[in-house]
Amino acid sequence: MKRVSRRDILKGSAAVAAGTLAPSGKVLAQAPAPATITPELIKAAQKEGRVVWYTSLDLPVSERVAKQFSVRYPGITPRVERTGAERVFQRIGQEYGSKIHAVDVVQSSDAAHFIVWKRDGILTPYVPEDVAQHWPADHRDPDGQFATFRAWLCCLGYNTNMVKAPEAPKSFADLLDPKWSGKMVKAHPGYSGTIMTATFQIARDLGWEYLEKLAKQKVMQVQSSADPPKKLALGERAVMADGNEYNMFQEKEAGRPVEIVYPTEGTPLIIGPNALMKAAPNPNAARLFQSYCYTAECQQLLIDVGGLRSVHPQTKEKAGRTVFATIKKLKDDPAGVDKSAEMIKKRYSQLFGV
Amino acid sequence: MTIALPAEAAVQRRPFKIDMSWPVLLAFAALLCVLIVLPMSWLVYYSLVDKAGAFTLGNFVTLFSEPEFRAPLVTTLMLATSASIFCCLAAAPMGWLVARTDLPFANAVRALVTASFVTPPFLGAIAWELLAAPNSGLLNKLYRHLTGAEMGEHIFNIYSLTGLIFVISCYTFPYIFVLVANALDRIPGDLEDASSMLGGSAATTARRITIPLALPALLAGMLIAFLQAMTLFGSPAILALPAGFHTMTTKIWSLFQFPPKPELAAAASLPLLVLTVMLLRAQHMILGRKGYSVVGGKTGDPRLIRLGVWKWPAVAVVFGVLMLPVFLPYFALFNAAFSPIATTLVTPENATLKNLWFTFSLSSTKIALQNTFVLGALTATLGTAMALVIGYITVRRAVVGHQALGFLATAPIAIPGIVLGVGLFLAYTQPPFVLYGTIWILLLAYLTIELPAAFQQLSSAYKAVGNDLEDASRILGATRLQALRHITAPLLRTSVIATWCFIFVATIRELSAAIILFTSDTKVVSVLIFDLKESGDLGAIAVLGLLMLLLTFAVVIAINRIPGFGAAQRLRNT
């Protein structure tokens with residue numbers, strides 16, 4: 001069967017140049033000057049009155065960001081369109097393929113998507129003031145088309161009522177112990193960008209043999225990486241083989257019997273950028289929203305309410321959470337994910353059956 | 001005189017009068033062709049080409065040779081066969097008890113069967129997750145609580161093929177129940193009386209008279225149950241995927257995930273279509289023989305069998321069975337809506353309105369409710385109108401070629417929702433008709449799906465209303481359309497309202513076509529529930545689900561208040 005490149009969906013079957021570009025591989029343009037939130041921008045945004053945000057950020061958190069934005073800028077109602085990152089990607093491809101330009105700002109937990117969108121020329125350069133002033137170079141596109149909106153880890157975890165701390169798994173390798181057979185839950189890389197990114201890192205660093213063995217452990221397969229923490233909280237499964245650290249913080253801090261495990265091999269690092277669409281139907285509201293997303297206020301909200309990590313130096317980590325810098329991480333590599341995403345999906349569904 | 005005014009109007013307009021029958025027939029034939037023939041042609045075309053558009057049989061080779069497609073096909077057939085057998089085992093005795101015995105609360109039983117009939121199957125599947133997930137399920141918790149069993153032990157595992165078969169049966173058995181109960185209602189009591197007078201025991205009468213007369217309806221019901229189970233999308237997506245297996249419908253849907261493979265999706269849809277057509281032919285042949293059940297003309301009411309000492313055990317069993325599709329799942333949803341954690345029992349201390357508040361604060365909720373309501377109302381209105389005209393033309397044999405129209409209006413019954421979704425997607429994402437991204441593509445899907453049932457209901461209504469009044473109107477100078485509007489339509493009002501409600505209810509719970517066709521701006525409630533399911537937001541699902549049920553029951557109760565409405569029509573599952 002013929003392999004379809006990730007951009008086919010955006011460009012139809014028209015011939016496309018071969019080869020992939022890393023974000024820094026070819027500088028198309030200089031990043032534009034930093035954009036400040038001006039009264040004119042607010043006025044123009046309020047005139048549009050709405051902004052549509054496609055995101056893979058878990059619904060309660062993304063709705064909270066939207067709510068806070070509309071409190072800060074009355075008269076503009078954000079609409080949150082949340083689904084898994086891989087669905088967001090497919091949806092934008094399908095909609096753009098049919099010339100439907102509904103999305104203003106896009107957010108995805110699969111950073112590789114931004115490489116594709118940039119390559120396809122559907123993003124527009126825009127550098128919010130906070131990004132220009134505070135963002136480290138490796139968290140922003142040199143051409144100013146996207147920047148890290150949120151960061152988190154794809155960790156392991158367990159239900160403390162069902163597993164005592166000493167018996168809990170400490171590493172990915174521990175999950176292959178037969179005693180966890182039928183007791184684990186994990187999310188799907190065909191739905192979740194977090195899991196796609198994590199699966200890439202795990203396959204790269206631990207090898208596919210690990211996943212082959214894990215597939216034999218009768219894991220419960222859910223879709224979103226936000227779901228395994230919820231399944232742990234319900235007590236539906238004792239251990240999660242992957243899932244969002246930020247949902248684990250939320251559950252834990254709400255008093256649910258869950259505990260995070262940062263595997264000894266290293267925890268997959270997930271980066272979720274935000275970007276502005278070139279064909280945004282509400283361009284001013286989109287700019288305002290994009291700027292707001294990187295403010296210290298919004299970033300702190302992500303930390304406090306969402307349990308996420310921020311690269312904004314003016315934010316404070318919440319007490320009681322393991323300090324981000326101290327956690328051993330697997331290296332993220334969006335360009336690598338871009339190259340192997342389809343292979344990962346195919347191989348994964350062969351192993352896990354769905 | 002009520003007919004004076006239209007007649008007068010007709011007289012005034014006489015010089016310009018044109019009989020609109022032919023243009024109407026042609027217009028409707030064209031419309032139906034667009035509705036049905038266009039998407040199906042695209043489906044066949046896509047299944048026979050490769051990515052570049054060249055002819056190939058490769059899609060079918062892939063379909064039948066690769067295990068990743070063969071396994072779902074086998075699973076689906078196993079699933080559909082077992083579900084139809086289970087449904088039959090539950091529904092046939094229940095139908096007999098309700099129709100032919102003095103079972104107390106028979107009307108309540110019928111009402112509860114209607115309740116499971118209108119419950120969206122995907123909602124039932126989610127509710128059963130809350131009840132019978134191996135560890136967190138309420139029933140398994142109860143089991144461990146009662147027996148003191150260890151954590152991790154369970155008696156039910158809903159995430160399994162058996163679990164899926166069970167849940168599908170819960171929401172499919174009403175099809176058999178309704179057909180069997182209606183057939184038994186109609187069996188003349190005289191035949192059974194004759195049997196007993198000639199010395200036949202109760203068992204002999206049952207074996208030689210009652211069962212043979214009810215058998216065609218039972219078989220027909222089993223076939224419909226088979227089709228429903230085969231074409232359902234929601235329940236397998238909710239219960240099979242966590243267990244790590246696919247059915248054909250979830251597989252077809254997964255082919256739309258990135259990178260989309262519409263050619264394979266089209267090829268995978270065709271076996272479902274072919275099987276459905278074949279099974280419906282079989283059903284037609286079986287139902288066609290049903291004529292003999294009323295040999296002897298009109299006779300007395302069926303004789304009710306006295307259950308005697310079995311009366312209360314029978315009531316217990318029937319209500320016990322009805323716990324499964326109705327009481328338990330509704331309880332679980334209600335519990336989840338007001339509980340801080342979906343599968344924790346609500347107590348006065350922990351009850352919360354958080355889920356309610358969260359659900360209504362979602363920015364998608366409003367637009368989804370609005371889309372659902374608009375689409376439900378539009379589909380119901382247009383569908384009823386179309387069925388009204390097509391029904392008239394075919395029943396009154398108004399023009400030559402009416403048979404073709406009747407056939408076209410019934411044909412969509414053979415198209416599973418997800419197959420129609422794929423066909424419409426292929427047809428309306430490219431010029432000349434780009435409807436994808438608008439609610440019109442969903443309207444087309446819903447209209448096509450609901451037309452057969454609406455057409456069947458209204459044709460029988462036409463048959464029940466004689467021609468005399470209409471003829472009188474025509475003699476007085478009205479055209480066909482005027483007669484239809486001023487004479488027949490008012491007489492049909494009850495049926496029209498019933499059909500409208502029926503389509504409305506069926507539309508708002510449709511998932512399998514909508515899941516292929518929606519965009520962010522055209523999301524409907526069923527799709528929103530499915531979205532929430534994928535991220536595990538069970539509380540919000542419970543709230544939306546209960547809201548949907550509330551709306552549905554309001555409409556169903558409205559239907560039941562209208563005298564003479566039969567629930568025997570096919571309600572399509574999603």
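Predicted model: local features only at pLDDT ≥ 70, side-chain atom pairs only at ≥ 80, totals over all residues.
Student: Which two domains make up chain B?

Tutor: Happy to start there! The centres of the two domains, taken over C-alpha atoms, are separated by 24 Å. In residue numbers, chain B divides into domain 1 (19-55 + 363-574) and domain 2 (57-319).

Student: Which helix gives the most to the side of domain 1 of chain B that touches domain 2 of chain B?

Tutor: Let's look at the contact first: 38 residues of domain 1 of chain B meet 40 residues of domain 2 of chain B. Elements giving two or more residues to the domain 1 side include helix 2 (21-47), helix 19 (417-428) and helix 26 (538-561) of chain B. With seven residues, the one that gives the most is helix 26 of chain B.

Student: How many residues of chain B are in contact with chain A, and how do they divide by class?

Tutor: On the chain A side, 46 residues take part, and they meet 37 residues of chain B. Helix 12 (234-243), helix 16 (354-361), helix 17 (363-395) and helix 25 of chain B each give two or more residues to the chain B side. By class, that side has 16 nonpolar, 16 polar and five charged residues.

Student: How far apart are the C-alpha centres of the two domains of chain A?

Tutor: Chain A splits into domain 1 (34-152 + 270-322) and domain 2 (153-268 + 341-352). The distance between their C-alpha centres is 27 Å.

Student: Which helix gives the most to the side of domain 1 of chain A that touches domain 2 of chain A?

Tutor: This contact takes 17 residues from domain 1 of chain A and 22 residues from domain 2 of chain A. On the domain 1 side, three residues come from the helix that gives the most, which is helix 4 (residues 85-97) of chain A.

Conventions. Residues numbered from 1 in each chain as written. Chains lettered and ligands numbered in written order. Domains from an automatic or database assignment. Contact = placed C-beta atoms within 7 Å. Helix = DSSP H or I, 4+ residues; strand = E, 2+ residues; numbered from the N terminus. Nonpolar A, V, L, I, M, F, W, Y, C, P; charged D, E, K, R; others polar.
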